[in-house]
Amino acid sequence: MNNKAKRMSAAGLLIAIGIVYGDIGTSPLYVMKSIVEGNGGIGNVNRDFIIGSISLVLWTVTLLTTLQTVIIALKATNHGEGGIFALYTLVRKRAKWLVLPALIGGAAILADGTLTPAVTVTTAIEGLKGLNFGGNVPVSTQNMVIAITVVILLVLFSIQKMGTSIIGKAFGPIMFLWFTFLGVMGVMNMAGDWSILQAINPIYAIRLLVSPYNKAGLFILGSIFLATTGAEALYSDVGHVGKSNIIGSWPFVFVCLSLNYFGQGVWILNNPTYRPADGGVLNPFFEMIPANIRLFAIILATIAAVIASQALITGSFTLVAEASGLKFLPRMNINYPSNEKGQIYIPSINKGICVATIAIVLYFQTSAHMEAAYGLSITISMLMTTILLYEWLVMKKVNTVWNWIFLIFFGVLDIMFMISSLTKFTHGGYVSLFIAGAIGFVMYVWYYGNKVRDKREARNAYVRLDEYTDMLTNLSHDENYPTYATNLVYMANVKYNKFIKREILYSILDKRPKRAKAYWFVTVNVTNEPFTAEYAVNTYGTKNVINIQLYLGFKKQTSVNVYIRQIVHDLIADGTIEAQPQEYTTTPGRDVSDFAFVIVQDVISPQTQLVGYEKWLVEARVRLQNLSSNPASWFGLEYADTIIERIPLILGRPNPSYIKRIKPKDYSNAKTK
């Protein structure tokens, strides 16, 4: 979707509904169920409890989703991209410590991306359990529910490569139907007791927190918070659909959600002694739907659950791409299924989330157990987002009083929800915290490992390439050395058209002199346009040393091998570099000879003098680098003659070590046995 398409339009609004609101849009499937079960079941609730609960739900969504996210956070975008990392990018110059809330919040959101698909799809499929179709019960056990859930999840993750534009166009009409269905079902049940609208008054929400009928007390907020999960994904997905389309579509979504919660509340009040036929956990959402359309509702809910998962998955792709750009995570292969840079697909992340999600389904077995673990990590990310948003408001020079009101009000709300959700830790919340901790650990090691490395090698890290052109030219013509390759290509980052990392020249000159007819130093600059294909050349007055600056669109960045061959042909044709005639070839008249592509990776040298924490951090960072995706695939060099060369990384000032020379020992007079 281009910038024009991101402006508010009927098509844009429909795509936004299809991509953005899946998570928060499926909350009616489990929020009231969790609230009622948390209070001991339907037999232990009364009118004040239900009205107070719905009031808490409505005002939580109003404050955390509508006010904080849609009205405030969506203003804080970085070139149209949203999410906690985009927000950090805007404010990071204000203080170094702001990287910590960014790392913690980002890890928590990515962890939530594994729980959302599991809980939403499982809840929807459980609606089929025990249903009688013509005298048969197709889904009679929880094991069958799990099997169907796993199959659906596998299909969902397999279609991610299609891209969010295609998926959004397909899902938009379905989600519009889903929200309309939520609203209609809500109104149908509200007709039995319109006084349920009292829940709009926030006084009922406040009363419930101290009511004796509320057995969970303040900890009921752990279930209430489930109604607003998805707000962070909404913020992260702004780059896919544009803020105008989110702002324009949210009122419709909010009204439909509210009506459905009202309807569920009326049904609960009108059925105080109801018990599920299969003896399982009561779900007011499915129970309030007329029996003759129950199957339709379950199918629609299942599709909506799949789309809910989609919102988190696409948000995760965006977050990981931003994290990689901020050096929070190693570089990964990123595919662009459409001509819009904001719409991306990351194969390794897709596989990782898929495996983690299915593992969660198999581990928890039921949606009730998953709900007990769900939401804890997101409360942490919301608190971190609040901290960063406060810094953004200060940076924007908003009145100091309003800044402090924002921080205190939303900070207290976030802390209350986080404390109430901590009760979930022993009920499975430890799983989401473990996943968040693992992701956070990787981010911490990569980010601070780079910091230590850059600090320790800053003095000698870069040299001037133009000061070594004579040496490289002489080596190119020195017949005392065998030819390593006709064209020796280094994927390097030449800064300011002359500064290059010392390790690149170390690879050519010191490790083993590599003789080549031409030395190429290639820098790939990715542009914001999809199909840019341009290059600039600097030969420093030589015919053997060539600095190439490639300017490639984000859909072109993996075609380096093809472009380099064309550039060599062009430069030979205009006399910039020497000809490369080939005597042995299957293509008569071929004027471009062989290539060897070199990508340099670091290994820790035994001479490195770092000790303790810094040494461990850098070593861990290097291990992560070696475990990440093959660098050759970043540039489309998988089928080229590519060498991954490891160069010793010496950090700190090594202490000179000397060994003393002595005379050989004389054993001529030694006694023999």
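Because the model is predicted, local features were required to have pLDDT of at least 70 and side-chain atom pairs were counted only at pLDDT 80 or more, whereas totals for chains, interfaces and linings use all residues. Residues are numbered from 1 along each chain as its sequence is written, and side-chain values use heavy atoms, with hydrogens and water left out.

Two surface patches are described here, patches being made of residues with over 30% relative accessible area and no salt bridge, with like charges joined within 9 Å and nonpolar side chains (Val, Leu, Ile, Met, Phe, Trp, Tyr) within 5 Å. Accessible areas come from the Shrake-Rupley method with a 1.4 Å probe, and for residues only the protein chains shown count as cover. A patch of positive charge on the surface gathers Arg92, Lys93, Lys96, Lys327, Lys451 and Lys495; Lys and Arg count as positive and Asp and Glu as negative, while His and the chain ends are not counted, and the place of a charge is taken as NZ of Lys, CZ of Arg, CG of Asp or CD of Glu. Arg92 is found in the loop between helix 5 (84–91) and helix 6 (99–126), where helices (H or I, at least four residues) and strands (E, at least two) are DSSP runs numbered from the N terminus. With 38% relative accessibility, Arg92 counts as partly exposed, the classes being buried under 20% relative accessible area, exposed over 50% and partly exposed in between (1.4 Å probe, protein chains only). A nonpolar surface patch of about 490 Å² is made by Val398, Val401, Trp402, Ile405 and Phe409; of these, Trp402 belongs to helix 19 (residues 400–421) and is exposed at 58% relative accessibility.

Strand 2 (residues 483–491) is mostly covered, with 7 of its 9 residues buried. This strand runs parallel to strand 4 (residues 515–527), to which 7 bridges join it, two strands being paired if DSSP finds at least two bridges between them. Within this pairing, Ala485 stands opposite Ala516 in strand 4.

Leu98, in the loop between helix 5 and helix 6, is buried at 0% relative accessibility, and its C-alpha lies 7.3 Å from that of Leu388, a residue 290 positions away in sequence. Thr62, in helix 4 (residues 47–72), is partly exposed at 21% relative accessibility; Thr62 and Thr228 are separated by 166 residues in sequence and by 9.0 Å in space, C-alpha to C-alpha.

Salt bridges, defined by a side-chain nitrogen of Lys or Arg within 4 Å of a carboxyl oxygen of Asp or Glu, number 5 by this rule. One of them joins the side chains of Arg94 and Glu391 at 2.8 Å, N to O. Arg94 lies in the loop between helix 5 and helix 6 and Glu391 in helix 18 (residues 376–395), so this pair ties together parts that are 297 residues apart in sequence. Arg94 is partly exposed, at 41% relative accessible area, whereas Glu391 is buried at 10%. A further salt bridge links Lys517 and Glu578, whose closest N and O atoms are 3.7 Å apart. Since Lys517 lies in strand 4 and Glu578 in the loop between helix 23 (560–573) and strand 7 (595–604), the pair ties together parts 61 residues apart in sequence.
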